[in-house]
Amino acid sequence: MRARDDMLFPFEEYELRIRELRERMEERLLDAVVITAPGNLMYLTDYQTTGYSFFQALVVPLDGEPFTITRAMEESNVIERTWVELTRTYSDTGDAIQLLVESLREFGLEGKAIGYERNSYFFPAYQQDRMADAFRDGRLQDCYGIVEEGRIAKSPLEIDVMKRAAKATEAGMRAGLAACQAGITENEIAAEVSAAMFRAGGEFPAVMPYITSGPRTMIGHATWEGRTVQPGEHVFIEVGGCYRRYHTAMMRTAVIGELSDSMQRAQDRMKWCIEEMHATVRPGMTISDFDQLVRSIIVANEIGAELVTRAGYSIGIAFPPSWDEGYIQSIKPGDNTVLQEGMTFHVIPWMWGVDGDKTVGISDTIRVTADGIASFFTLDQDFTVADRPEELPC
């Protein structure tokens, strides 16, 4: 490992992560692991690229120097960003899996127990099959989750980076809410959100903001499509701000005109849920306890709304196509995972189907502290009521 002082975190942080990974490898009787998930590669080495559609891997032996397998074009990312000293590259006409197998043998790992991330989006089945066919002189074993065990609880250094991401999230949301009025298009709101995020120091997020208005708020994971906001409608905005690939996320709602009784009740119930969450959730509770607290408050409404999803998900390092770490941990029923200090979640007590045709949201990104939880945000939770609900010109 090459010590350097120009990475996101101090070199000692990466040494610790590799040491803890090797401890887990020993527990699983593994001689080496092949890590392919982009978030895990960044967590271990500070490596990042948008070119992860091409095969890339970090091989960490139990003893000896780690090495990377990358497309030749991406070797500069290894050299310029990471502590990794050993690289093996393939050309665009080369065979990445053949190079991986040859490199395992080159570094004395033939006949060894090799772990690989079988559930990685970026190591597809046909490549895994080819590796298994070519590496018959060793034992291949699924090690999915071996890096994520370290990622689930963030270090104080990671929390500080997420605070930077939160500034971009808040800036984007403030700008988006301020833009909401009758006659504006969803695209114009999106432009304000994006510009504000980036001006506040944010970087390109794993997913661009979700912005819908009126009846389109009922469409799951829809975002702006040029629709013009009409008087009396509402706008649903969800922003995921990013800094150095770490994310925080937030839902808010704007109303063009007066708050109806049902919208007022939706706002108050979501705010109550978040208040109860901050008063109750602490280390030692289970994920199932957390889910039950959120779900029981939201589903007991009298305005026709549902909580149609999980109650939240882990958030931190992310690359497209998703800003969450929900594959590591989601807040859902029946999960007896115990909350621990340093865990970070986007908690989403949103309400789908208010009055049958409106989706609204207020959410929070939180970190688990030694004795409770704390928000990354300061932005007011109330629905924004636009000042200009006048009729559109004919």
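Where is the place of Thr 217?

Thr 217 sits in the loop between strand S7 (210–213) and strand S8 (234–243); strands here are DSSP E runs of at least two residues, and helices are H or I runs of at least four, numbered from the N terminus. Before going on: this is a predicted model, where local features need pLDDT of at least 70, side-chain atom pairs count only at pLDDT 80 or more, and totals for chains, interfaces and linings use all residues. Residues are numbered from 1 along each chain as its sequence is written, and side-chain values use heavy atoms, with hydrogens and water left out.

Thr 217 counts as buried because its relative accessibility is 4% (buried is under 20% relative accessible area, exposed over 50%, partly exposed in between, with a 1.4 Å probe and protein chains only). Its side chain reaches the backbone oxygen of Gly 214 at 2.9 Å. Leaving aside residues up to four places away in sequence, Thr 217 touches Thr 212, His 234, Phe 236, Asp 357, Lys 358 and Thr 359 (contact means heavy atoms within 4.5 Å).

## Strand S7

In S7, Tyr 210 and Thr 212 point one way, Ile 211 and Ser 213 point the other way, and all are buried. S7 pairs with S8 in the antiparallel sense over 4 bridges (pairing takes at least two DSSP bridges). Opposite Tyr 210 stands Glu 238 in S8.

## Helices H9 and H10

Over in the helices, H9 (residues 261–280) and H10 (residues 287–299) pack at about 155 degrees, axes 9 Å apart (axes are lines fitted to C-alpha atoms over the stretch in contact, and angles run from 0 to 180 degrees between N-to-C directions). That makes H9 roughly antiparallel to H10 (over 145 degrees; under 35 is roughly parallel, 65 to 115 roughly perpendicular, the rest oblique).

Terms used. Polar contact = N/O pair within 3.5 Å; in protein donor to acceptor, adjacent residues only side chain to side chain.
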